[in-house]
Amino acid sequence: MFGFLKKTPTDNTAEPAVADQRDLPASEKRGWLSRLKSGLSRTGSQLTDLFSRGGKIDDDLYEELETILITADVGMDATRFLLAELHHQVREHRYTEAGQLKEALAQCLLKLLKPLAQALDTGTHQPFVIMLAGVNGAGKTTSIGKLAKYFQGQGKSVLLAAGDTFRAAAREQLMEWGARNNVTVIAQQSGDPAAVIYDAVQAAVARKIDVVLADTAGRLSTQAHLMEEIKKVKRVIAKALPDAPHEVLLVLDANTGQNALSQVKAFDAALGVTGLVLTKLDGTAKGGVIAAIARAHPIPVRFIGVGEGLDDLRPFAAEDFVAALLGLGE
Amino acid sequence: MLDNLTQRLSGVMKNLRGQARLTEGNIQDTLREVRLALLEADVALPVVKEFTAQVKQAALGQEVIGNLNPGQALIGIVHRKLTRLMGEANVGINLATVPPAVILMAGLQGAGKTTTSGKLARLLREQQKKKVLLVSCDVYRPAAIEQLRTLAQQLEIDFFASDIGQKPVDIALAAHDYAKKHHHDILIVDTAGRLAIDAAMMEEIQQLHAALKPIETLFVVDAMTGQDAVNTAKAFGEALPLTGVILTKLDGDARGGAALSVRHITGKPIKFVGVSEKLNGLEAFHPERMASRVLGMGDVLSLIEEAHREVDQAEAEKLAKKIKSGKGFDLNDFKMQIVQMRKMGGVSALMDKLPAQLSQAAAGSRVDDKVISRTEGIINSMTPLERSKPELIKASRKRRIAAGAGVQVMHVNQLLNQFEQTQKVMKMFGNGGMAKMMRSMKGMLPGMGR
């Protein structure tokens, strides 16, 4: 059935070029944080203005705060929740100055986001199969390119599966990423996404690969037939390797507003999403929708994309995210 | 599909309907609800504020007081204001220039520029009989040029080859020369996605604009965009003299928010909307219809238009005759309806266009595309005789059909019941002179028969 398979075997011997990310020199880590901060600086500077202005805590201040949270895509529900928490903190600790609110808000946000910061451990299975899903244009294929680099950096061998058989040249795009990272890409001329990924998983077992990254075509959650198709992809992966996929990542565009929530709910209902990737945080989009997700349908955020470079996809750290969002010092 | 703008506003308006008079107090409540609904639909905050202020002003005037039905009056005001905010009427593509007319596409990463370029080329060829040339100036994203080439091939539209070693401006100028020499009416220039804060990339597209002097510079924006739509639209609007907007991925369940924001900030008309992943999924934007959809009145106009486009007219006429005569509607016709409905994108695509209340009701009756395809399977397992005379189908035939379709006898019974009901409805329509309406909307019936 898979006889017409076409492979592009690029050599997959890439030894770990970079050590574990935690061992990175401090300067590089700060570089990343500052990039995240510059991406989020709009919200940050707005908030900093608000708090450093001094003065008393009054209704106007809360309303301004509400405005800022809403315009950061935090959403009504999470905004109300955060403001209520903030009220509570203010009463409990008898804050009177506007400046004290900042630390309190940081604590509230951190409390909300902290549970989402769960790193992805790919050591539990070999091969560890990761399936990526998401709406059109969220950045799935690009994220796979960056994730391949990331896992290679951890000394893992990686294999990519070109499961987007629908969009024009999606396969070529993934192959280009494979070539850049020196990673094998399993692809077929056309046909069934489930078949391509099935084959990739089998190839990964045979070659003792550590991590398989399976691309899928973008789809809107309202397209029932495409949601059925992706459910089938997941079922077929389990036939190639029991327990797989070990991780189902939903890729979200940070520019997305409250619809990100319905995306999370719909894809979770269809696939059982185990982690999120938030892309395109390097623009003026503020990523506040993460707070809305944390509130309404929490799923761990595994990675965030803060730039266009290959190294710009990083594990999500709630402290850094909150610090960047609120413009707190390093 | 829950919690979208249409539904929220429908709920708000329903509350209002129960009240005899509109007082300042209950306008306040309603406006707060409208504000919330708009915010949850990702309409940008400054736009929401201005909109609700306008509605309030109009509602407190004489237009509402003295009106027999205050609820309807307020819906009317909100609807008018929404329509005005989104533009008064549909604005098409401007091609009034010395050919080739250049169309420059701009937008963020992943907004859908490349796919939309292909769709737009197809639309201009099909609807205006234009000779179109496509070119990609995206030398950054891997395989972006390849993607447009593939699309052009699928659509059989001319493609100007470029490669990532070239400079975008050089590619564009070469394509322009080529279009001139080969008498193309239109040149569509796809560009790389870029962030508004990326100064170098914004300068690049300004150079492209200066070199090409496009008659249309279209800002492509994702309908799911959140609050940041205002910032992005503003930045692109300041960098480029935009002439219009294309709203993509409108077939998702995020409705309207970004449309309002972008339209408000740029002041430019939304010219087209992307409504399907298929290459014919680009439609003219109708502000009036969009406002209706937002208000829970449903996009019935689009639905009828689509029905006309996709439904086989000859078959439709034949069926209409049968319905009129009130007899002879058999399982063959039933199946034909299912096939026609498939062509229109299945039940889910139809449901999106219905008013919120109606689609909710339909959702409750567990209509989905799976049931539809099962129904088709069961009919396929019948003999031609059984299809034309369903009354023949008794216990043993039912068992055979169920086995053939891989379903339970129960499902065959369900189908037959559903068919009988539909037949009854058909007779009613036939007598009631609604056959004309049936011609355009008949595709909806089989799945919604119960």
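**A walk through the two-chain model**

B:Phe272 stands opposite B:Ala284 in β8(B), and that's a handy place to start in this predicted model. Strand β8 of chain B covers residues 282-284, and three bridges tie it to β7(B), with the two strands running antiparallel. β7(B) also has a partner in strand β6 (residues 244-248) of chain B: again there are three bridges, but here the strands run parallel. In that pairing, B:Leu247 sits opposite B:Val273 of β7(B). So how enclosed is β7(B), residues 270-274? Five of its five residues are buried, which means the rest of the structure largely encloses the strand.

Now let's step back to where the chains meet. On the chain A side, 42 residues touch 37 residues of chain B. Together the two chains bury about 3300 Å², with 55% of that on carbon and sulfur atoms. Within chain A, the residues that lose the most area to chain B are A:Thr222, A:Asn255 and A:Asn259, which together make up 15% of what that side buries. What kinds of contact cross the interface? The rule finds zero salt bridges there, but it does pick up eleven residue pairs in polar contact.

The largest share, five residues, comes from α7(A). Sort the residues on this side of chain A by type and you get eleven nonpolar, 18 polar and 13 charged.

Salt bridges do turn up elsewhere: over all chains, the search finds 19. One of them joins the side chains of A:Asp77 and A:Arg295, at 3.7 Å from N to O. It links distant parts of the chain, with A:Asp77 in helix α4 and A:Arg295 in helix α11 (residues 289-296), 218 residues apart. Both ends are partly exposed: A:Asp77 has 45% relative accessibility, and A:Arg295 has 35%.

Another one, between A:Arg302 and A:Glu247, has an N to O distance of 2.7 Å. Here the partners are 55 residues apart, A:Arg302 in strand β8 (residues 301-305) of chain A and A:Glu247 in strand β6 (residues 247-253) of chain A. Are these two buried or exposed? A:Arg302 is buried, at 10% relative accessible area, and A:Glu247 is buried too, at 2%.

Over in chain B, B:Glu126 forms a salt bridge with B:Arg125, their closest N and O atoms 3.0 Å apart. Finally, B:Glu386, B:Arg397 and B:Arg400 are joined in a network of salt bridges.

Note on methods: Residues numbered from 1 in each chain as written. Chains lettered and ligands numbered in written order. Predicted model: local features only at pLDDT ≥ 70, side-chain atom pairs only at ≥ 80, totals over all residues. Heavy atoms only, no water. Contact = heavy atoms within 4.5 Å. Buried area = accessible area lost by both parts, 1.4 Å probe. Salt bridge = Lys/Arg side-chain N within 4 Å of Asp/Glu carboxyl O. Polar contact = N/O pair within 3.5 Å; in protein donor to acceptor, adjacent residues only side chain to side chain. Helix = DSSP H or I, 4+ residues; strand = E, 2+ residues; numbered from the N terminus. Nonpolar A, V, L, I, M, F, W, Y, C, P; charged D, E, K, R; others polar. Buried < 20%, exposed > 50% of the residue type's maximum accessible area, 1.4 Å probe, protein only. Pairing = 2+ DSSP bridges.
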